[in-house]
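Work through the exercises below with the sequence and the model open. Try each task before reading its solution.

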Amino acid sequence: MDSDEAVDSGRTVVPGGGVDAEGHVGPGESHDVVTREGVRPAPGYPPYALAGAFDRELGDPDRTDLPFYPGRLRELDAAEDFPADQVRLLDVAGLPAYYVPARHGGALRSYEDLLHLVRVVARRDLTVAIAHTKTYLGAVSTWVGGSAEQTRALGERVTAGAVVSWGLTEREHGSDLLSGTLTATRTPDGGYRLDGEKWLINNATRCDLICVLARTEPAGGTRGYSLLLVDRSTLADGTHTPLPAARTHGIRGADISGLSFTGARVPAAALLGAEGSGIETVLRSLQITRTLCASLSLGAGDHALRIATGFGLEHRLYGKHLIDLPQARRSLTEAYADLLTAEAVTLLAARGMHTLTEEMSVTSPTLKYLVPATVDQLITDMGQFLGARSFLSEDFAHGAFAKLERDHRIVGIFDGNSLVNLNALINQFGSLARGYRAGRTEAEALAAAADLALPVPEFDPVRLELTSRGGNSVTASLPAGADALRALADAGVVPASLADRAARLREVADETHERMAAHRPTPRDVPADAFDLAHRYTLCAAAAACVQIYLHNRAAHTEGAWRDGLWLEACLARLAARLAPGRLPAGDAGDEEAVLDDLLPHLLDQHAGGHMFSLLPFPLAPSPDHADRPVRSAAVPQLQETP
């Protein structure tokens, strides 16, 4: 039974298993199921069970007859062809339902669900993930600022498979939204006439609807722009013209093009929110989309590390397997620790979208800067690990690494580039410093975000604020978190070295916030050292997020890399090296190497077991030749079973 047949019949599909006529799972088979309403997860951490079941429904990526076979993806990329079969498979598997909040008729109840569904697509291919998830970006302004009638109608369209684009940028103005020249002029019937163009828009040619930011006041300004949801099927012939696709360095098969409007008339019902509210709605919406961009980087980071780990296990150098060489092992474990850090930060941010909503103006640019930048460096490091093979477009791993390296560069540019996101933090230095020095945290909301066993409340977009008046609860929690780790160390629960690392990072965070407090904002010509300070702030925030995830979940997770706080110590060691190079005591360099070495068996077990590289169990689609793949060399330490 193929995927189309499964969805069309309405029967229950068991990835990798069978069903009887009534949809009952056969003995000994997986209990992850896909239904017309979406994936129903097996017990465990629900978002990972959900995403893992979805990944298994997409099938073994190494099967040559399935759409996500890397050789086929390479061919599409070389020809710059749109991945139509792959996108169709995601439609059939039910992903569009997760672009629609449950209150509007979809399956989206928690943004952590959507984030990890996109993550498993991104770990297969970034072009496909970017091409498909653009519909959520196109729809998000309606979820944030639309009326009940608009959200209901769009929810029905999206779940039925409609493609939606987001028309923000223009050829001459880029991300400077307040300089946009596409106009929406009132017509006698109360509607609008669109004139101008939007450029470098994902799915602009293929979309059914496009959410357009248009100038509704000739003078422009913050209240001079509005959002209109344009149904292309209702536009008169000759009033809108697709622009030629732009040739890009990465994501070559994506539809990156534009639309030109000339006298295109849309009804008054196309207006989202009040006239003049467009910029504010976009800024609120970006707080959501910037958070979801982390899913693309997490998937890409997993893919890069998976390719490198497989190469290290198979390749021989100087008469040894590459992974037997200490420096090679260190490269892998450093990348693994960085990826775990990115995951911890993302987990807290995705859940915090529901519980710490008012702070998303800080959380989202922090995440959007930090995670893509971390994974960019990870990919670079893994490229050096692979050597010449990282440049091969066909002969090694079907050219997947070379394609991945090109594709991921765009993620840091989406929804505001690195400088835009750092500047968003610079503008809030004052409140962030005050909140940190006062130890101001929303303790209950932070705990609800950090405890992965708790369900999150329904997301309320009305709570999104353009700036966070109280600072940031996550970063402000670092001093108390360091004290908690010290208490655990004194009780013999975690090593003293872990508490020492947290204490040193607290000192760096104290210093960083003192410098932030001394910063004097300027409307133009922001000094370069302010951007460096914002960069340091994101690393302090990452350390605090890791500490919170560990403290709130350590009782439920006592094995593997959770034992003795191993993963946390490795992540803090990496963050300390980036924040305060050369400031560690003389003996700590060796300690850092030891804690990273201890991560290797866990990295290799997840690789061998077909799991996502993750803090928690995250099984993925199995491969038929999985048992024949090398697991580890004799030189690599084995994990010990718990007595």
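Buried means under 20% relative accessible area, exposed means over 50%, and partly exposed lies in between (1.4 Å probe, protein chains only). This is a predicted model, in which local features need pLDDT of at least 70, side-chain atom pairs count only at pLDDT 80 or more, and totals for chains, interfaces and linings use all residues. Residues are numbered from 1 along each chain as its sequence is written, and side-chain values use heavy atoms, with hydrogens and water left out.

**Exercise 1.** Decide whether Arg119 is buried or exposed, and list what it touches.

Solution. Start with the location: Arg119 belongs to helix 5, residues 111–122. Helices (H or I, at least four residues) and strands (E, at least two) are DSSP runs, numbered from the N terminus. Next, Arg119 is classed as buried because its relative accessibility is 1%. Last, look for contacts, meaning heavy atoms within 4.5 Å. Not counting residues up to four places away in sequence, Arg119 touches Tyr48, Ser295, Leu298, Gly299, Glu343, Met612, Phe613, Ser614 and Phe618.

**Exercise 2.** Describe the burial and the pairing of strand 7.

Solution. Strand 7 covers residues 225–231, and seven of its seven residues are buried. Now sort the side chains by direction. In a regular strand the side chains alternate between the two faces of the sheet. Here Tyr225, Leu227, Leu229 and Asp231 point one way, while Ser226, Leu228 and Val230 point the other way. Then find the partners; two strands pair if DSSP finds at least two bridges between them. Strand 6 (residues 209–215) runs antiparallel to strand 7 and is joined to it by seven bridges; Ala214 has Ser226 as its bridge partner. Strand 10 (residues 271–272) also pairs with strand 7 in the antiparallel sense, over two bridges, with Leu228 opposite Leu271.

**Exercise 3.** Which residues have the most contacts inside the largest nonpolar core?

Solution. A nonpolar core is a set of buried Ala, Val, Leu, Ile, Met, Phe, Trp, Tyr and Cys residues joined through side-chain atoms within 4.5 Å. The largest has 178 residues, and Tyr136, Ile288 and Trp567 have the most contacts inside it. A second, separate core has 19 residues, among them Ala204, Val212, Val266 and Leu271.
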